[in-house]
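Colleague: I am new to this one. Can you take me through a few of the labels and say what backs each of them?

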Amino acid sequence: SESITLSKSALIRTGLNEEATIIFHDAAVLRLGPNTTVAIHDISERPSSAYNPTMTVYRGKLWVQSFLGSRSQPLTVGTEQGIVQVREGSVAIMQGGDEESAGTDIRVWNRTAAVVRSNEVVTLFAGDRVALESGEKAFVTKMSGIADDTWTKDNLASDLVHQREIARLQQQRLAKQAGVLPTSAFYSVKRLAEQVDVLMTIGSEAKAEKLLQQADTRLSEAAALIAEGSVQDAKVSLEEYKQTIQEVASGSGDTVVQSLVAERVAMASAAVSAALPDDSVYLVKEAVLESTTALPDSTVDIENNQDAERELISDQLAALVRKIGEGADPRELRAAEQSITAAVAVLQEETKGVPPTFFEEVRATLVRARADITAAEARMNILLTGSTIPVTQMELSDAQVDSYVSRMLRPLNSVSQLRTK
């Protein structure tokens, strides 16, 4: 395999027996199947509304795994039958020449996607498939839930690896911006310089910008401290981050300042968008999500924004899906599924104004997760005891569980990688 860096728009083709992976900074991963042609139009760090679509698939099979988050512009993929929008999740797109369809076949394997056509917008959830033909209305069907071809299985397995890799890259990028850390003897000098900088700044908007820059620095410090194992020190920096965001957001009625706060929080959210609850950097993501409660409603894009509670549930769901793929202990999986189900039930009862699409996404993911967990429980029963008694009712030793998990882990395929610069 070989690795090259893309520094400008490019047309990429794979041969009959070739595959390629394109890593979009720390925002997304694209995987091209054999005999596929894709044009990359926008290689900026985050997709820009100036480029629509971000890329175009002309033929073949394209897998999109996106970590952009709800506050970023979506990744957009142009096809013959419309534009596919993906913010978070995994989507397979088959364009023309595919043995199953001469048109465009779109399958959502994780989270959500939307298909925008001239006369309709179709929202798809995990497990949905739509085959599009010219002049015909979109008809959404449900997949069986089991990947039945090698290419899909390999991509689902690669998703597990790339999610962790992207989260690690995001943490490294954030940590590089930290500078002097609170554990250094020179840290007090750094903080004094920050205070002087704000005092010397004239104008409320300029002062707010300085304070928001310093809040970003606290996030970077936290990421670096977590990497060093200084989690308690990181928590102090994260508390300071949240306090600064709260103070700037509530201390001025200036709509420009409030917009600055919303923009900074959106950027911070995107910087750690791939992190899930079992990633060490998730502490940083939680702090950013919690800080969104300080944002005035007037500065929030209600359609694309999710409040902190909903995003935390979404992340817990994504972590559950990842653990299922990694072959975790079925008892741990079942406990996590039940916890998420309870949290969703509370949200349904206590929260008004939650978009129905959120609950549709959760329901679709939970249905698939429950089926996978039940299958894992059955496999564990048979492998370890030959019993049909539910695994949640059995007393198993740690050695038995370790044996099961080691047998269920699957090897992952390696593919060539193209990185955007």
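Colleague: What makes you say which residues Glu194 touches, leaving out those up to four places away in sequence?
Modeller: This is a predicted model, and contact means heavy atoms within 4.5 Å. On that basis Glu194 touches Gln214, Thr217 and Arg218. Glu194 and Gln214 are 20 residues apart in sequence. In space their C-alpha atoms are 7.4 Å apart.

Colleague: Where does Glu194 sit, and is Glu194 buried or exposed?
Modeller: Glu194 lies in helix H2, residues 187–199. Its relative accessible area is 11%. Buried means under 20%, so Glu194 is buried.

Colleague: Why is H3 called roughly antiparallel to H4?
Modeller: Helix H3 (residues 204–228) packs on helix H4 (residues 231–250) at an angle of about 160°. Their axes are 8 Å apart. Angles over 145 degrees count as roughly antiparallel, so H3 is roughly antiparallel to H4. The crossing of H3 and H4 is left-handed.

Colleague: Which residues meet there, and of what class?
Modeller: From H3 they include Leu211, Ala215 and Arg218. From H4 they include Ala234, Leu238 and Tyr241. By class, the contact of H3 with H4 has 14 nonpolar, 2 polar and 5 charged residues.

Colleague: How do you know that S10 and S11 pair?
Modeller: Pairing takes at least two bridges. Strand S10 (residues 104–116) and strand S11 (residues 121–125) have 5, so they count as paired. They run antiparallel. Val115 has Val122 in S11 as its bridge partner. S10 and S11 form a hairpin, with 4 residues between them.

Methods:
Residues numbered from 1 in each chain as written. Predicted model: local features only at pLDDT ≥ 70, side-chain atom pairs only at ≥ 80, totals over all residues. Heavy atoms only, no water. Helix = DSSP H or I, 4+ residues; strand = E, 2+ residues; numbered from the N terminus. Axes fitted to C-alpha atoms, helices over the stretch in contact; angles between N-to-C directions. Parallel < 35°, antiparallel > 145°, perpendicular 65-115°, else oblique. Left-handed = near helix turned anticlockwise from the far one by under 90°. Nonpolar A, V, L, I, M, F, W, Y, C, P; charged D, E, K, R; others polar. Buried < 20%, exposed > 50% of the residue type's maximum accessible area, 1.4 Å probe, protein only.
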